[in-house]
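Subject: Structure handover and findings

Hello,

Please find the structure below, with the sequence. My notes on what was found in it follow.

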Amino acid sequence: MEKENGRANMKVMVVIDERECSYLALMWVLDFLKESIKHSPLVIFAAQPPTNCNYVVSSAVAMDLFNSVQQQNKKVALGLLEKAERICASKGVIVEAITEAGYPEEVICDAVQKCGVNLLVIGDKENGNIKRALQGSVSSYCVQDAKCQVLLVRNKA
């Protein structure tokens, strides 16, 4: 972490998706970490779901469908990032928006390393311990595998 004028500056990344809890996490960062992110852009990240093609595609129609799904996933992710950028701009915060295709937990942890993030912030809807144990979760994976501190912002409503 850099020190400037006696204050530590963190590189913070917030994961954005379609869930309300991700935007609550973004608002939490903007409200409580504004001084910490003053001198470096806030990284906002949206994962594009993987479009696996585990079989041989021999038809042009199937390939067009596959490409169409990829383009739609990217369009959705860019829309999520655009909404988050507008929220940040309204608070005077500069952002670096990133999207990657793949399994969310893996591309998030990869982006943390590539961007040199010090703090990863994830909105986490409380699902209960049994459901989390059976299904796993992106936030649980990131807590275990991200190469930085991870902050979960929970929506208890």
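Axes here are lines fitted to C-alpha atoms, for helices over the stretch in contact, and angles run from 0 to 180 degrees between N-to-C directions. Helices (H or I, at least four residues) and strands (E, at least two) are DSSP runs numbered from the N terminus. Contact means heavy atoms within 4.5 Å.

This is a predicted model, in which local features need pLDDT of at least 70 and side-chain atom pairs count only at pLDDT 80 or more, while totals for chains, interfaces and linings use all residues. Residues are numbered from 1 along each chain as its sequence is written, and side-chain values use heavy atoms, with hydrogens and water left out.

The sheet

The sheet is open and has five strands in the order β5-β4-β3-β6-β7, with parallel pairing. Two strands count as paired if DSSP finds at least two bridges between them. β5 and β7 (149-155) are the edge strands, each pairing on one side only. From one strand to the next, the twist averages 25 degrees.

Two of the pairings involve β6. With β3, β6 pairs in the parallel sense over four bridges, and M13 has L120 in β6 as its bridge partner. With β7, β6 pairs in the parallel sense over seven bridges; here the bridge partner of K125 is N155 in β7. β6 is also mostly covered, as six of its seven residues are buried. Buried means under 20% relative accessible area, exposed means over 50%, and partly exposed is in between (1.4 Å probe, protein chains only).

The helices

Helix α3 (residues 104-115) lies across β3, β4, β5 and β6, and runs at about 150 degrees to β4.

α2 has 31 residues and spans 45 Å from its first C-alpha to its last, close to the 45 Å expected at 1.5 Å a residue. The expected span is 1.5 Å times one less than the number of residues. Buried in α2 are F66, N73, A77, L80, L81, A84, I87 and C88, and the buried residues of this helix pack against α1, β4 and β5 (95-101). After α2 comes G92, whose phi is positive, near 75 degrees.

N73 lies within α2 (residues 60-90). N73 counts as buried because its relative accessibility is 17%. Not counting residues up to four places away in sequence, N73 touches Q48, P49 and T51.

Nonpolar cores

A nonpolar core is a set of buried Ala, Val, Leu, Ile, Met, Phe, Trp, Tyr and Cys residues joined through side-chain atoms within 4.5 Å. The largest one has 24 residues, of which V12, V14, L26 and L42 touch the most other members. At least two residues of this core come from each of β3 (12-15), α1 (20-32), β4 (42-48), α2 and β6 (119-125). The element that gives the most is α2, with six residues.

Leaving aside neighbours within four places in sequence, V12 is in contact with V29, I37, P41, L42, V43, V117, L119 and V121. Another core, of 17 residues, lies apart from the largest one; among its members are V107, A111, I122 and A146.

Salt bridges

A search of the whole structure finds six salt bridges, a salt bridge being a side-chain nitrogen of Lys or Arg within 4 Å of a carboxyl oxygen of Asp or Glu.

- D17 and R19: the closest N and O atoms are 2.9 Å apart. D17 counts as buried at 18% relative accessibility, whereas R19 is partly exposed at 33%.
- E35 and K38: the closest N and O atoms are 3.3 Å apart. E35 is partly exposed at 38% relative accessibility, and K38 is exposed, with a relative accessible area of 53%.
- D124 and R154: the closest N and O atoms are 3.0 Å apart. This pair links distant parts of the chain, with D124 in strand β6 and R154 in strand β7, 30 residues apart. D124 is buried, with a relative accessible area of 4%, and R154 counts as partly exposed at 41% relative accessibility.

Regards
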